[in-house]
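Please keep the sequence and the structure at hand while reading.

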Amino acid sequence: MVRKKKEPASPRARILEAAERELLEKGPDDLSLRGVARRAGYSPASLYEHFESREAILQALATAANAALHERMEAAAAAAPAGEEALVAIGEAYVRFAHEESAPFLVLFQRLQTRRVSPEQAPLPGSAAGLLRSTVEAAVAARGRKNLDVDRIAWGLWALSHGIAMLTLGHLAGFEADLRGTTAAVLRPAIRGWLGGEP
């Protein structure tokens, strides 16, 4: 069998890979174009052929992180029973992603501002927010509770998951307790309460 040669990464992809490695070591605030260029094997000036600024690199990384987060959450929801457990799985996947991909996660929520300007505007297709809302909608429909506010429940789950992620990444990073391991135990009663108690 003839194996196809792996196509070499494009310059843009190489730069983004280098930027991600730089982020893991230094964080978004200390990301330097010189450091990215060195890792990618380019001169700092040549980066401008592919990205107009340091901010453009961070925005590209944030966009890629959003897509990766959506993929993780979607897989977690698909593998769980529909309804309450799918929402717990999404929250756990969110926290896991924050820890396994901490640099892209932090860039995503520091650099990529939402394009929505009000709750009336639907989340973008393929977005993590859109997946969260549709999963909540399905859980509400399964309960037969038409009076529940889908957007408020989605916001609550997002805020709680994000709070766990940020606390365990930062302020409580050295705390000697398995806080990440208790994510489901924290999320489940909150979700059950939002959905109206026991099924």
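## A tyrosine between two helices

Tyrosine 48 lies in the loop between α3 and α4. The model in which it is placed is a predicted one, and the values in this report should be read with that in mind. With a relative accessible area of 48%, tyrosine 48 is classed as partly exposed. When residues up to four places away in sequence are set aside, tyrosine 48 touches Leu33 and Ser53. For the pair formed by tyrosine 48 and leucine 33, the C-alpha atoms are 9.7 Å apart in space, while the two residues are 15 residues apart in sequence.

## A glycine in the preceding loop

Glycine 41 has its place in the loop between α2, which covers residues 33-40, and α3, which covers residues 44-47. Is this glycine buried or exposed? Its relative accessibility is 57%, so glycine 41 counts as exposed; the cut-off for that class is over 50%. Although glycine 41 and isoleucine 15 are 26 residues apart in sequence, their C-alpha atoms are 8.7 Å apart in space.

## Helix α5

Helix α5 is made of the 17 residues 84-100, and from its first C-alpha to its last it reaches 24 Å, close to the 24 Å expected at 1.5 Å a residue. Because 12 of its 17 residues are buried, α5 is largely enclosed by the rest of the structure.

Helix α7 (residues 128-143) has 16 residues and spans 23 Å between its first and last C-alpha, close to the 22 Å expected at 1.5 Å a residue. Its buried residues are Ala128, Gly130, Leu131, Leu132, Thr135, Val136, Ala139, Val140 and Arg143, and the cover over them includes α4, α5, α8 (150-169) and α9 (183-195). Following α7 comes glycine 144, whose phi is positive, near 70°.

Histidine 70 is placed in helix α4, one of the elements that cover the buried residues of α7. Its relative accessibility is 14%, so histidine 70 counts as buried. Not counting residues up to four places away in sequence, histidine 70 touches Gly126, Ser127, Ala128 and Leu131; of these, Ala128 and Leu131 are among the buried residues of α7.

## Valine 186 in helix α9

Valine 186 is found in helix α9, where a relative accessible area of 38% makes it partly exposed. Leaving aside neighbours within four places in sequence, valine 186 is in contact with Leu160 and Ile164. Valine 186 and leucine 160 are 26 residues apart in sequence, and their C-alpha atoms lie 8.7 Å apart in space.

## The second largest pocket

The second largest pocket has a volume of about 160 Å³. Two elements, α1 (11-26) and α4 (54-79), each give two or more residues to its lining. The lining consists of Leu16, Glu17, Glu20, Leu23, Leu61, Ala64, Ala65, Ala68, Phe97, Glu101 and Pro104. Divided by type, these lining residues come to eight nonpolar, no polar and three charged.

## The chain as a whole

The protein chain contains nine helices and zero strands, so that, in the order of the elements from the N terminus on, the chain runs α-α-α-α-α-α-α-α-α. Of its 199 residues, 37% count as buried. Among the contacts in the chain with a separation of 6 or more, 70% are accounted for by residues 24 or more positions apart. The accessible surface of the chain comes to about 11800 Å², and 54% of that surface belongs to carbon and sulfur atoms.

Note on methods. Residues numbered from 1 in each chain as written. Predicted model: local features only at pLDDT ≥ 70, side-chain atom pairs only at ≥ 80, totals over all residues. Heavy atoms only, no water. 1 Å grid on protein atoms, 1.4 Å probe; cavity = no way out; pocket = protein on both sides within 12 Å on 5 of 7 lines; lining within 4 Å. Points joined across faces, edges and corners; volume = space filled by probe spheres on them. Helix = DSSP H or I, 4+ residues; strand = E, 2+ residues; numbered from the N terminus. Nonpolar A, V, L, I, M, F, W, Y, C, P; charged D, E, K, R; others polar. Expected span 1.5 Å × (residues − 1). Buried < 20%, exposed > 50% of the residue type's maximum accessible area, 1.4 Å probe, protein only. Contact = heavy atoms within 4.5 Å. Areas by Shrake-Rupley, 256 points an atom, 1.4 Å probe, with all protein chains shown as cover.
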